[in-house]
Amino acid sequence: MTKRRRLALICAACVGLASSLVPLHVEAQKTERGKSLGAKLMCMCGCGQILTQCNHINCPSSGPMLKELDAHVVKGEADDLIVQDFVQEYGEKVLSAPPTKGFNSIAWYIPGVAFAIGLGIVITLIRLWRQRDVARLATASGAPAIPHTAASDLREVQLERARRQADRDTED
Amino acid sequence: MDLFGSYALLLAFAFALYAIFGGIAAIITRRPLLIKSARNAGFAVCVLIWMGIGSLWYLFFTDNFSMAYVAAHSNRALSPYYKFSALWSGQEGSLLFWSFLLSIYVFSALFAYRGKHPELMPYVGVVLAGVQIFFLTMNNFIASPFQVLVGPGAGGILHLATRADGSGLNPLLQYPEMAIHPPTLYSGYTGFTIPFAFALGALLGRYPGEKWIHLTRRWTMIAWAFQSAGILLGAHWAYAVLGWGGYWGWDPVENASLMPWLTGTAFLHSVIMQEKRGMMRVWNVWLVFLTFMLCILGTSLTRSGAVNSVHAFAESNIGHWFWGFLLLIVIVCVAAYLKNRDYLRSDNQLDSMLSRESSFLFNNLILLVACIAVLAGTLFPVLSEAVRGSKISVGPPFFNRVNIPIAMFLLFLTGVGPLLAWRKTSVESLRKNFGFPLIGGIVAAAIAVALGLREFYVTLCLLLSVFVTLTILGEFYRGARVISARTGSNIFSSAAQLTMRNTRRYGGYVVHFGMVLVFIGISGQAFNQDKQMDMSAGSEMTLGPYNLYLQNYDTTSEANYSAERATIDVEKNGRSVMMLYPTRRFYPSNQESGTMVAIASTLREDLYVVYAGTNPDTNLPVIHAYLNPLVKWIWLGGAVVVLGTILALLPNRQAVMVLSTAAAGQSAPVPGSAHAAPVSYSARSQLPDGHD
């Protein structure tokens, strides 16, 4: 067998193998796409479950809806078009999450806005409380000195010891 | 017995009215006899409610089908176990059960503080009686469980009727956990009434200082532990009974239980700020109010039918009563706050951004945002319908997308919080404490990525879980090392001593570790697999490393149901490892079916097999198998959370030792201690237990 023939044979084998794998690949993609699209839709039987998770045997909704979804996927339609088709047929209620456009998109913004407002409040509070602390220290340093006595010395030593102890307790 | 129950509840209502009006009169007149009398009325209310619920249980156990509620939720063939739990399976019974649990809390609180805190307790008694009056109104006049059956007699006159047998219990509720899950969850909901009553009472009575916080801390922890356990038991029930392969579907009822848990968790953290630093008084009062309001809001949502739920077994038109009650609570709380807000003024000061105080602020922020996200998702369909006239669905994709980042941030704070000191943390100390846990987390994540993990959030969860675990272990190790050096005991014994010296702090760490386990378990969801097949005897299904052979399927008949059962031989690596028996039951009394899922659970994964029914086209059983990794970690984590809370509820051994030593002139040996050495204050001060 010449080199060229051997190469041709290998190429033919590769093409044959690849072509035999194509339907499998398409099937797998269809299943994954089906699952992914099914997760964007709700079952309309009233069970409140995701379309692909509805576990009612002979459910009047999920069975036909899944068949419809498969048919769209087999036709090779784009994801958005498939979802839109379901929305037109069943209304916006078929979507498992609020749309990102129009009034219903507000649902998506609420947590973010709440976080932003909350973060603003927390940061403002921290700044305010720190300023208050600085002001308190400034006032304390500006206060008239306590008369120096042996008792105040002792208190100072005790206070310093307590401070060091508190530092150790909280830092360790 | 029906009359006995009815009269008991009516009397309870009358006594509750006396407790509230007598209590108000006692507050105004300050007459001790009146205070005592109102408190005793509170006790009487509780005892009468117990009599009422006792009589309803009696009616269930004696198959009294002349009672509408018993006939609707029980039947003769029902096992005594389920007759017991059938009491809370419907609207009327569950409301009475709510009153019953509330009465246990009320009785305990009134009894525990009888003769103490005379300036506070009359207010608390009035608030508690107010809440009880609402539920007793429901029990007596709106949704009485003691209604009798009537039927038309001669001449169109209604006569008392009785049925030969009842309709039976909803099959979804005929699962052992249903005897535990609702009482646990309801104990959580009702338990938050006590901190609410103390907070409102303290505000109304301008009770000085942080005393009410100290008084209610344990009550809040008990309610929180029940709520946590109730939520997880509910998740486990959904997992084992509903047969859809999951445990949490962001259902409105699930969300309703999660919201007060989130604010309750925030309160348990921020209350430490008030105790330690006298900060955030207004915030804490409002967190308690909010938690109680969310308990009532969740109940309103699910009982009014405003939102649909697979968990709602007690839906009816009583929702507007709950909305009214909620509105009243809001008005009372706002009025009390506006009137006495000066009492809550606190001297908030913060030394540094890098401090325990800021970490608590961020922790509260994140928990509240999570609560708002859940509330927004739960209520948005109602809002959308009101504004646009059409309802939309807000399902798991929304909640997962919004809440997963929040949960990751929270997990991060769980690790960071304990590393920060009160007032100020030096950068050097932060580097020293952060270094090892952070490197550990990064190494774990790097190994997982090298082994093929490509899910971003799962990798992040792993990193943070290792980080938090190492942080917690570090905290135990550092403290135990000091004790070990002093006492010479081994590190484990020292860790145990350390824990018992500051149960609240180290119990809290155990709770954090439990949450880490829960997070790890939830992260396994990213790798769930499932397969559904019509299977004939001898056919095979492959799922992950398992081969499932359907050996046969048969039918059995029990007193209360008939069942179709599949016998499945499970092989792993060519070796038979177990037999599974997924079952589908049919209950003739109410013509309904239910699944009994077969679950083979390991720490690595759950093999979850459902007998989903028979395909009418092929006449073959439909088997749906799921491979759910790490689910067991969630239940394990839940158990650790509850254990940690119990630990945190125990009194500090250190405090007892110090007191006993002090009483003995600081020189007596410590009873029960491994080393009978005198305990001195200097020994205590060596321990890093000054911050929790």
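Chain A has five helices and zero strands. Along the sequence the pattern reads α-α-α-α-α. Of the 172 residues in chain A, 17% are buried. As for contacts within chain A, taking pairs at least 6 apart in sequence, 37% join residues at least 24 apart.

This is a predicted model, so confidence comes next. The mean pLDDT of chain A is 74, and 59% of the residues score at least 70. Where in chain A is confidence lowest, and where is it highest? The lowest is helix H1 of chain A, residues 3-38, with a mean of 56. The highest is helix H3 of chain A, residues 79-90, at 91. Residues 14-30 of chain A have a pLDDT below 50. Leaving aside near neighbours in sequence, that stretch has two contacts in the model.

Now to one helix. H2 of chain A covers residues 62-75, which is 14 residues. From first C-alpha to last it reaches 20 Å, close to the 20 Å expected at 1.5 Å a residue. Which residues of H2(A) are buried? They are Ser62(A), Met65(A), Leu69(A), His72(A) and Val73(A). Viewed down the axis of H2(A), the buried residues fall within an arc of 100 degrees, so they line one face of the helix. The other side of H2(A) has exposed residues: Pro64(A), Lys67(A), Ala71(A), Val74(A) and Lys75(A). Just after H2(A) comes Gly76(A), with a positive phi of about 80 degrees.

Last, the contact between the chains. Chain A puts in 41 residues and chain B puts in 50. On the side of chain B that touches chain A, which elements give two or more residues? There are two helices of chain B, H13 (356-388) and H14 (396-416), and two strands of chain B, S11 (605-615) and S12 (620-629). H13(B) gives the most to that side, with 14 residues. Sorted by class, the side of chain B that touches chain A has 27 nonpolar residues, 18 polar and five charged.

To recap the parts I would keep in view: chain A is five helices with zero strands, its confidence is lowest in H1(A), and H2(A) has its buried residues along one face. That is what I have.

Terms used. Residues are numbered from 1 along each chain as its sequence is written. Chains are lettered from A and ligands numbered from 1 in the order in which they are written. This is a predicted model: local features need pLDDT of at least 70, side-chain atom pairs count only at pLDDT 80 or more; totals for chains, interfaces and linings use all residues. Helices (H or I, at least four residues) and strands (E, at least two) are DSSP runs, numbered from the N terminus. The expected span of a helix is 1.5 Å times one less than its number of residues. A residue is buried if 20 or more other C-beta atoms lie within 10 Å of its own, exposed if 12 or fewer, and partly exposed in between; C-beta atoms are placed from the backbone. The arc is that of the directions from the helix axis to the C-beta atoms. Two residues are in contact if their C-beta atoms, placed from the backbone, lie within 7 Å. Ala, Val, Leu, Ile, Met, Phe, Trp, Tyr, Cys and Pro count as nonpolar, Asp, Glu, Lys and Arg as charged, and the others, Gly among them, as polar. pLDDT is the predictor's confidence in each residue, from 0 to 100.
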